[in-house]
Amino acid sequence: MTDSSPRAGRVDRRTAETDVRVALTLDGTGRASIATGVGFLDHMLELLARHALFDLDIKVTGDLHVDQHHTTEDCGIALGQAFAQALGDKRGIRRYADLHLPMDEALTRVAVDISGRPFLVFRTQFAREKIGVFDTELVREWFQAFAMNAGITLHVETLYGDNQHHIAESCYKGLARALRHAVEVDPREGGRVPSTKGSL
């Protein structure tokens with residue numbers, strides 16, 4: 001990949017349960033076209049694109065007559081795969097990022113390492129099972145699927161919060177802002193892979 005090549009990934013993932021198409025550009029403007037069939041998930045992914053400044057197109061046809069689980073999880077899988085594809089060999093990136101993201105009364109801490117070693121620590125609790133018609137347990141399922149397939153180490157911890165929507169939103173916005181910084185090209189790296197091992 002040359003310096004002028006767009007950092008982009010495209011994944012078409014089809015199973016008996018879902019058909020997921022994802023197109024991702026890391027160096028974008030925050031443009032999003034999201035249609036998963038799950039309104040709350042669409043909202044979270046639009047926030048992710050906007051605050052990461054990724055251009056993101058996602059189209060999902062899923063077995064929503066069963067529930068929202070497969071659609072949510074498979075969307076995380078495909079987006080994670082597109083993210084890893086877009087990063088390529090990870091030369092020159094900052095790699096690490098962490099921040100605290102406030103959303104009104106909720107505060108979430110997010111830390112990311114684009115390590116090639118997928119791992120998730122998710123310490124966020126929801127007091128209710130639903131946000132509208134969306135199952136709150138699926139927030140963690142999406143983060144797990146994304147982290148494992150993106151090949152990143154990801155820590156998410158909500159320190160406090162009362163409104164369930166605000167808690168979820170702080171997680172997605174926190175991830176977005178952390179990824180935005182971690183994927184940035186650091187001119188001081190001079191195109192090197194940010195690891196003493198020489199690869200990630």
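Colleague: How many bridges join S1 to strand S2, and in which sense do they run?
Modeller: There are 7 bridges between S1 and strand S2 (residues 18–25), and the two run antiparallel. Before going on, please note that this is a predicted model, where local features need pLDDT of at least 70, side-chain atom pairs count only at pLDDT 80 or more, and totals for chains, interfaces and linings use all residues. Residues are numbered from 1 along each chain as its sequence is written, and side-chain values use heavy atoms, with hydrogens and water left out.

Colleague: What makes two strands a pair, and what makes a strand a strand?
Modeller: Two strands pair if DSSP finds at least two bridges between them. Strands themselves are DSSP runs (E, at least two residues), while helices are runs of H or I with at least four residues, and both are numbered from the N terminus. S1 and S2 have 7 bridges, so they count as a pair under the rule of at least two. One of the bridges links Arg14 with Asp19 in S2. The two strands form a hairpin, with 3 residues between them.

Colleague: Which strand does S2 run antiparallel to over 8 bridges?
Modeller: That is S4, and Val22 has Ile58 as its bridge partner there.

Colleague: In what order do the strands of that open sheet come?
Modeller: The order is S1-S2-S4-S3, with 4 strands and mixed pairing. The edge strands are S1 (8–14) and S3 (32–35), each of which pairs on one side only. From one strand to the next, the twist averages 5°.

Colleague: Which helix lies across S3 and strand S4, and at what angle does it run to S3?
Modeller: Helix H1 (residues 39–52) lies across S3 and strand S4 (55–62), at about 160° to S3. Axes are lines fitted to C-alpha atoms, for helices over the stretch in contact, and angles run from 0 to 180 degrees between N-to-C directions. Helix H2 (residues 69–87) also packs on the sheet, where it touches S1, S2 and S4, and its direction makes about 145° with that of S1.

Colleague: Why is Ala49 called buried?
Modeller: Buried means under 20% relative accessible area, exposed means over 50%, and partly exposed is in between (1.4 Å probe, protein chains only). Ala49 has 0% relative accessibility, so it counts as buried. This residue lies in helix H1. Leaving aside residues up to four places away in sequence, Ala49 touches Gly30, Arg31, Ala32, Phe54 and Leu56, where contact means heavy atoms within 4.5 Å.

Colleague: Why are S5 and S7 placed at the edges of their sheet?
Modeller: Strand S5 (96–103) and strand S7 (119–123) each have a single partner strand, so one side of each is left without a neighbour in the sheet. That open sheet has 4 strands in the order S5-S6-S10-S7, with mixed pairing, and its twist averages 10° from one strand to the next. S7 pairs with strand S10 (residues 153–160) in the parallel sense over 5 bridges, and Val121 has His155 as its bridge partner in S10.

Colleague: Which strands do helix H3 and helix H4 lie across?
Modeller: Helix H3 (residues 137–150) lies across S7 and S10 and runs at about 160° to S7. Helix H4 (residues 164–182) lies across S5, strand S6 (106–113), S7 and S10, at about 150° to S5.

Colleague: Is Lys90 buried or exposed?
Modeller: Its relative accessibility is 11%, so Lys90 counts as buried. Lys90 is in the loop between H2 and S5, and has a positive phi of about 70° although it is not a glycine.

Colleague: And is Asp104 buried or exposed?
Modeller: Asp104 is exposed, because its relative accessible area is 63%. Asp104 sits in the loop between S5 and S6, and its phi is positive, about 55°, although it is not a glycine.

Colleague: What makes the lining of the largest cavity nonpolar?
Modeller: Ala, Val, Leu, Ile, Met, Phe, Trp, Tyr, Cys and Pro count as nonpolar, Asp, Glu, Lys and Arg as charged, and the others, Gly among them, as polar. The lining consists of Leu24, Leu48, Phe54, Leu79, Phe83, Phe146 and Leu179, which divide into 7 nonpolar, no polar and no charged.

Technical notes:
1 Å grid on protein atoms, 1.4 Å probe; cavity = no way out; pocket = protein on both sides within 12 Å on 5 of 7 lines; lining within 4 Å.
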